Amino acid sequence: MEPNDILFAWGSTMAAAVDDIDLTDWDFWARPPAERHTAFAALRRLPAPAFFEEPDITIVPRGPGYYALVTHADVIEASRRPADFCSGQGAVNIPDMPPDMNEYFGSMISMDDPRHAHIRRIVSRAFSPRMIQRFEDQVQTVAARIVDEIRADGPSDFVPQVAARLPLKIICDMMGIPESAYQTVFDNSNIILAGADPELVPSDDYVEIAGQLLTAGQAIKDIVEDLGRFRRDNPTDDLTSALVNANIDGESLTDQELGSFFILLAVAGNETTRNAIAHGLHLFTANPGQRDILLDDFERNVPGAVEEIVRYASPVIWMRRTATRDTEINGNAFRAGDKLILYYWSANRDETVFERSDVFDITRDPNPHVGFGGPGPHFCLGAHLARREITVMFRELFTRVPGVRTAGEPDRLLSNFINGIKHLPYDF
Ligand code: HEM
């Protein structure tokens, strides 16, 4: 299937509008979110997934292009068939990665079974009932401290002052990373997910960008690998000790696997939850009626509010899959080797699944969003923790600084992958 086939099939007037959409062009991602959502709505009306050329990033040969899966049904179908649509050829990058990057970023999210299942089994210890109880208590303590501090210091920028701090502290605590290393983890995970944002990656030279990414990955890896070596001989009850020392089945992570896992945690667990919290404040400020509903009965309404924040904001915009054989999804054919980009951010606005999909409605029920991924082996490992962090942060904020609200427009990250907010003025 070629792009022109789609346009022909679709009719000339709308085709012209769709023809203007180029998901590879950074200018598209710099447009206001509402405009981008209108474009995705047009892509959802196409009879088949649209095809886009890949960017030429110069450090690897230009790839064959990719199909944009934009409907809820297509994203679900590709997620639930990992044997047909694999992650192992890259889940978080559209161009294939140069081999030296795999050492840093080749984590479980870009693996297939049996390797994926092996690593997931080991790291799932982080999410055992005992660990969960421990981090739930910790989330409460940290969120309360953050609110103590903003009450004492006064409001400035919500992202570094509130939204970024909770997930960073929780992940570092879980792994046993000392407080002295937090800033390094924070700065370098920002670089890894910088997209094309000039504030974070002040270059458009791909060789230089690749160098910056490798340096950032190495910095995060060094911290945890040093700790891992120490914890092999001096175990405590932190997660690093659990990962580097054999479990009852005799399994443990190698240094390299530990390093890549921590890069994944630092990135997947930090930036996503941070953005969900920042978007949440923005959404409750823009929708005071929804805030009233939440505060009317916080405990009853907060689970729905958290799901709706994740649906509406879709902090992770997409993941990639690659077809392993000639096959089809919902009647559309794909060939072995085709790259498919699963746009969660579009599936979460699919009007055939979500009534008034552009409306932020915390009472939405059911809310079958795919913000944490579709059904399948890679479904977000930290979904429970993320839900907990968002819940507790808003409980602390809305009960102890009830006037809290944004005081200006979000300063958005220029990225096609993370729906990020870099800075958010606020007040209370
Ligand atoms: C609102 C917050 C979050 C969002 C929106 C989010 C979203 C996602 C998505 C879309 C995936 C990929 C699913 C797929 O490929 O099918 C994923 C995977 C993952 N997430 Fe999250 N995530 C969040 C928070 C967290 C947290 C707090 C952690 C860890 C503490 C975490 C750890 C992971 C890991 C380890 C994976 C890879 C799982 C695998 O490959 O088996 N995430 N997440």
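Predicted model: local features only at pLDDT ≥ 70, side-chain atom pairs only at ≥ 80, totals over all residues.
The shell around the ligand comprises 26 residues, of which His 116, Arg 120, Arg 321, His 378 and Cys 380 come nearest. Sorted by class, this shell holds 16 nonpolar, eight polar and two charged residues. Five secondary-structure elements each supply at least two shell residues: the helices α7 (115-123), α14 (255-269), α15 (271-286) and α19 (383-400), together with strand β4 (318-323). The greatest contribution comes from α14, with four residues.

The iron atom of the ligand has a single protein donor, the SG atom of Cys 380, at 2.3 Å. Cys 380 is placed in the loop between α18 (344-347) and α19. For His 116, a polar side-chain atom is 2.7 Å from a ligand oxygen. For His 378, the distance between a side-chain N or O atom and an oxygen atom of the ligand is 2.7 Å. The corresponding value for the side chain of Arg 321 is 2.8 Å.

Across the whole structure, 29 salt bridges are found. In general, side chains of opposite charge can pair when their charged atoms come close. Three of these pairs are described individually below.

Glu 199 and Lys 422 form a salt bridge through their side chains, with an N to O distance of 2.9 Å. This pair links distant parts of the chain, 223 residues apart: Glu 199 is in the loop between α11 (182-192) and α12 (206-233), whereas Lys 422 is in strand β10 (residues 421-423). The two partners fall into separate accessibility classes. Glu 199 has a relative accessible area of 47% and is therefore partly exposed, while Lys 422, at 15% relative accessibility, counts as buried because the limit for that class is 20%.

A salt bridge also joins the side chains of Glu 308 and Arg 364, at 3.2 Å from N to O. Glu 308 belongs to helix α17 (residues 298-313) and Arg 364 to the loop between α18 and α19, so the pair ties together parts that are 56 residues apart in sequence. In this case both Glu 308 and Arg 364 are buried.

The side chains of Glu 77 and Arg 80 meet in a salt bridge with an N to O distance of 3.5 Å. Glu 77 is classed as buried, at 19% relative accessibility, and Arg 80 as partly exposed, at 48%. Both residues take part in a network of salt bridges that also links Arg 81, Asp 84 and Arg 325.

Glu 307 has a relative accessibility of 17% and so counts as buried. The side chain of Glu 307 makes a polar contact of 2.7 Å with the side chain of His 369. A polar contact with the side chain of Arg 387 is likewise present, at 2.7 Å. When neighbours within four places in sequence are left aside, the residues in contact with Glu 307 are Asn 367, His 369, Phe 372 and Arg 387.

Definitions and conventions
Residues numbered from 1 in each chain as written. Heavy atoms only, no water. Near = heavy atom within 4 Å. Polar contact = N/O pair within 3.5 Å; in protein donor to acceptor, adjacent residues only side chain to side chain. Nonpolar A, V, L, I, M, F, W, Y, C, P; charged D, E, K, R; others polar. Donors = N, O, S within 2.8 Å, 3.2 Å for Na, K, Ca; no water. Salt bridge = Lys/Arg side-chain N within 4 Å of Asp/Glu carboxyl O. Buried < 20%, exposed > 50% of the residue type's maximum accessible area, 1.4 Å probe, protein only. Contact = heavy atoms within 4.5 Å.
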